[in-house]
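Here is a friendly walk through a few side chains and the contacts they make. Have the sequence and the model open side by side as you read.

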Amino acid sequence: QVQLVESGGGSVQAGGSLRLSCAVSGITFSDTSIGWYRRAPGKQREAVARIEVNADVIYADSVKGRFTIARDNAKKTVDLQMNSLQPEDTAVYYCNVVNDSGMPRDYWGKGTLVFVSS
């Protein structure tokens, strides 16, 4: 059974930083692309960042230069370092397995809440 557990969310002032972590189990991690997604209040879910099997990374334009995604195949985790946070980054953040078409699979976890105050 594939499980993804997000952690590291919290409340921070604008300009601050947080580091999210995604622990993955039930799948061959080294063969799996992982993405981070977020859903802000009243908005649709959006892709934030993705890291491929070969460690290539893709970022949404809104987070380029501020967020960094990294994977640790030994620990089976994918971290999202978020710097220069802004109130518009407030959302529930989720990680998920990404299929060959670049779309998230249906393995959504509970997510972790990030709240950025102005």
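Y37 is buried, with a relative accessible area of 6%; buried here means under 20% relative accessible area, exposed over 50%, and partly exposed in between (1.4 Å probe, protein chains only). This is a predicted model, in which local features need pLDDT of at least 70 and side-chain atom pairs count only at pLDDT 80 or more, while totals for chains, interfaces and linings use all residues. Residues are numbered from 1 along each chain as its sequence is written, and side-chain values use heavy atoms, with hydrogens and water left out.

**Aromatic rings**

The structure holds two aromatic pairs. Rings of Phe, Tyr and Trp (its six-membered ring) pair if their centres lie within 6.5 Å; planes under 30 degrees apart count as stacked, over 60 as edge-to-face and the rest as tilted. Both pairs are set out here.

| Pair | Centre distance | Plane angle | Kind |
|---|---|---|---|
| Y37 and W108 | 5.3 Å | 80° | edge-to-face |
| Y94 and W108 | 5.9 Å | 80° | edge-to-face |

Y37 belongs to strand β4 (residues 33–39) and W108 to the loop between β9 (91–98) and β10 (112–117), so their pair ties together parts that are 71 residues apart in sequence. Helices (H or I, at least four residues) and strands (E, at least two) are DSSP runs, numbered from the N terminus. In the other pair, Y94 sits in strand β9 and W108 in the loop between β9 and β10, 14 residues apart. Y94 is buried at 17% relative accessible area, whereas W108, at 28%, counts as partly exposed.

**The disulfide**

Which cysteines form a disulfide? C22 and C95 do, with their sulfur atoms 2.1 Å apart; the cut-off for such a pair of sulfur atoms is within 2.5 Å. A search of the whole structure finds one disulfide. C22 lies in strand β3 (residues 18–25) and C95 in strand β9, so the bond ties together parts that are 73 residues apart in sequence. The torsion about the S-S bond is about 75°, so the disulfide is right-handed. Both C22 and C95 are buried.

Leaving aside neighbours within four places in sequence, Y93 is in contact (heavy atoms within 4.5 Å) with residues including E6, L20, W36, Y37, R38, F67 and V114. Y93 and R38 are 55 residues apart in sequence, yet 4.3 Å apart in space, C-alpha to C-alpha. Their side chains make a polar contact (2.9 Å). A polar contact is a pair of N or O atoms within 3.5 Å; within protein, one must be able to donate a hydrogen and the other to accept it, and residues adjacent in sequence count only if both atoms are side-chain atoms.

β7 pairs with strand β8 (residues 77–82) in the antiparallel sense over six bridges; two strands pair if DSSP finds at least two bridges between them. R71 stands opposite V78 in β8. The hairpin has four residues between the strands, and K76 takes a positive phi near 60°. The charged end of R71 sits over the ring of F29, 4.6 Å from its centre; this requires NZ of Lys or CZ of Arg within 6 Å of the ring centre and within 35 degrees of the ring normal.
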